[in-house]
Amino acid sequence: MNTPLARSLWIPIAVALALTGGCSEVASSGGDGSITDLMKARNLSEADVSAALKTYTPTGRHDEYITFASGGHGGNLIVIGVPSMRILKYVGVFTPEPWQGYGYGDQTDSLMVQGMRDGRQIKWGDMHHPALSETNAEYDGKYIFVNDKANPRVAVIDLRDFITTQIVSTELIECDHGATMVTPNTEYVIESSQYPAPLGGRYAPIEKWNEEYRGAVIFWKFDRDKGKIVPDQSFAIELPPYMQDLADAGRLDSDGWVFINSFNTERAYGGNLEGKDPLEKGASQNDMDYLHMIDWRKAEKVVAAGKTKTIVGMRVIALDTAIAEGLLYFVPEPKSPHGIDVTPDGKEMVVGGKLDTHCTVYNFAMMKKLIDAKEFASKDPYGVPILDFKKSIRGQCEIGLGPLHTQFDNQGFAYTSVFIDTQIAKWSLADLKVVDKIDVHYNVGHLVTAEGDTASPDGKYLIAMNKWSIDRFNKVGPLLPQNFQLIDLNGSKMQLLYDMPLPLGEPHYAQMIKADKLNPIEMYTPIGTNPLTHAKDPAATTADTARIERKDDGVHVYMSAIRSHFKPDIIRVKEGDRVHLHITNVEQAFDATHGFCINSHNVNLSLEPGKHCNVTFVADRPGVFPYYCTEFCSALHLEMAGYLLVEPK
Ligand code: RUQ
Ligand code: CUA
């Protein structure tokens, strides 16, 4: 603390504090003396104060970056400001989100229906990898896609209003992991399987693994104008029954290709209660697994030529066809790889091996040359051509124990999460040498840098997404939060700035975008907009047209909401009536959100200014049910209420 460096650091900090706050008198639990007293009272070092100054964001100021982090088991997407690490929103995606009324009205119920698997509503999701839409390999701030690993699904979130507008799922596969990643102009959203199974939800004995079990990569076609995935224009490629892992799309030089890691090329399937090796032992025998290279532009042509079969409604290029048409190649990769990350210039691919100490840097031009010359070292048991490892790589960087994922900055450095060493390693892409390491707490999985998956990353900030937090926070019982650690990349040494507990499922991956690339709406216009269509809903209502109509299919209530009443505030129906509520928040004031709930009927809506919601339910119990506004919208908020009267038959 008393090193010359620390002292020289401290002087500008003290000056800055005195200038910006105008106060060296700061109240705290530790007393209200000078900054130095405060530091003493709170036991803060100069490094602590420097970290605080780099993240503290005074009231009214906004963050420079926005991070979209997966909500893991919560099935929702977390929006976080950087560097303040303030949580700004949870976007409901695969699971209902009550505050947003997501999953409690007709529109959002339709998304829960889209997300069904085998006709069953799924009550959770295991979200892993958010992917922002891209234009020319840069985040464009328009959409973000996310996957559910457990119940393989992909969702589209519209960044005009941060609302989920579509969920797609195919029963072709039973689990995904290489999802979601986008091609450089968001032509496709990629979803590749993880645990092989017979394609299309069939049964086959596990002993038939080699013959009947398969992986697949799905290319979901995205229609940017409509903001929707078009399942009819999507296709899949059948893959051998290895466990495909993370994926990344090529860009610039490698545009048109997709790269997918794999492990378990041993094709082990366990059986530890049946006298066989456990799965993980069987799956860790080979020195090399296979990096998959897929030529998706060529695959598009094969699909257009009709060389597909249809399985559960999905057009699938069979493995034999993929090989014959030159769509699929393998390159060996060291022991149990996990992350694959294409370098910003698209020229190289960095692969981390969980049981290796290196990152391997594959060179696209070298691999492409081998493919063009048809120079293959061997074939896998299914006939997929395998390139020579040494002839495909530029080199390897000795990183540490358990390198997983890699991100980049704008200075030619790569940052790799090192799981077993529980560190972040910074290394030079040019000479493949580690230049700095920093401890993280603990067991880092993914990491993300600002604009880190684009052709022009910013670097600047890095978030280490740690699986364990052990001693970092107050104890809250045996299930601990995850720990997002913000790291400053601006100096030559990485500096740890902030620990942010995340108590909402294991978040896995995130992407960080410049905040000024996002341009969300402030309210819905015209009044009566349905967020799923971004157009005026046919049942939109104004205060003047509020009414109740009895029709063949039940009672339709056209209701308006404005501070501080619903109109109508009395609804009379008969036991057994089907009730259709059509509610418009007719306000056009920023942040003037109302809520609407009826007790005991699972009716719960969020009505942002201008938004229209439809909800249908059966009034099957006679009684008196108050409804009320759930957002403290005005001084007369508590009076913003009404009665649903259900008269007995
Ligand atoms: S994973 S900790 Cu699902 Cu992205 Cu690597
Ligand atoms: Cu409207 Cu409270």
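Me: Serine 564 sits in the loop between strand S37 (554-562) and strand S38 (565-567). What makes the peptide bond from arginine 563 to serine 564 cis?
Reply: This is a predicted model, and in it omega for that bond is about 5°, a cis peptide bond. Most peptide bonds are trans.

Me: Which peptide bond to a proline is cis, and where is that proline?
Reply: The bond from valine 82 to proline 83 is cis, with omega near 15°. Proline 83 belongs to the loop between strand S2 (76-82) and strand S3 (87-92).

Me: What makes aspartate 118 worth a look in terms of phi?
Reply: Its phi is positive, about 50°, although aspartate 118 is not a glycine. Most residues other than glycine have a negative phi. Aspartate 118 lies in the loop between H4 and S4.

Me: Leucine 252 also has a positive phi of about 50°. Why is leucine 252 called partly exposed, while aspartate 118 is called exposed?
Reply: Exposed needs over 50% relative accessible area. Aspartate 118 has 53%, so exposed it is. Leucine 252 has 48%, which falls between the 20% and 50% limits, so the label is partly exposed. Leucine 252 is in the loop between strand S13 (243-249) and strand S14 (257-263).

Me: How do you know that the buried residues of H4 line one face?
Reply: In helix H4 (residues 106-114), Gln107, Thr108, Leu111 and Met112 are buried. Seen down the axis of H4, they fall within an arc of 150°, so they line one face of the helix. An α-helix has 3.6 residues a turn, so residues three or four places apart point the same way. Those buried residues of H4 pack against strand S7 (163-169), strand S34 (529-530) and strand S43 (612-618).

Me: S7 turns up in a sheet too, with the order S4-S5-S6-S7. Why are S4 and S7 called edge strands?
Reply: Strand S4 (131-135) and S7 each pair on one side only. The sheet is open, with four strands and antiparallel pairing.

Me: How do you know that S4 and S5 count as paired?
Reply: Pairing takes at least two bridges. S4 and strand S5 (residues 138-148) have four, in the antiparallel sense, so they count as a pair. Threonine 135, for instance, has glutamate 138 in S5 as its bridge partner.

Me: What makes arginine 202 and glutamate 212 a salt bridge?
Reply: The limit is 4 Å from nitrogen to carboxyl oxygen. Their closest N and O atoms are 3.1 Å apart, so the pair qualifies. Arginine 202 is in the loop between strand S9 (188-193) and helix H5 (209-212), and glutamate 212 is in helix H5, so the pair ties together parts that are 10 residues apart in sequence.

Me: And arginine 550 with aspartate 577: how do you know that this is a salt bridge?
Reply: Here the closest N and O atoms are 2.7 Å apart, within 4 Å, so it counts. The pair links strand S36 (residues 547-551), which holds arginine 550, to the loop between strand S39 (570-574) and strand S40 (578-585), which holds aspartate 577.

Me: Are the two partners buried or exposed, and why?
Reply: One of each. Arginine 550 has a relative accessible area of 54%, over 50%, so it is exposed. Aspartate 577 has 11%, under 20%, so it is buried.

Terms used. Residues are numbered from 1 along each chain as its sequence is written. Chains are lettered from A and ligands numbered from 1 in the order in which they are written. This is a predicted model: local features need pLDDT of at least 70, side-chain atom pairs count only at pLDDT 80 or more; totals for chains, interfaces and linings use all residues. Side-chain values use heavy atoms; hydrogens and water are left out. Buried means under 20% relative accessible area, exposed over 50%, partly exposed in between (1.4 Å probe, protein chains only). Helices (H or I, at least four residues) and strands (E, at least two) are DSSP runs, numbered from the N terminus. The arc is that of the directions from the helix axis to the C-beta atoms. Contact means heavy atoms within 4.5 Å. A salt bridge is a side-chain nitrogen of Lys or Arg within 4 Å of a carboxyl oxygen of Asp or Glu.
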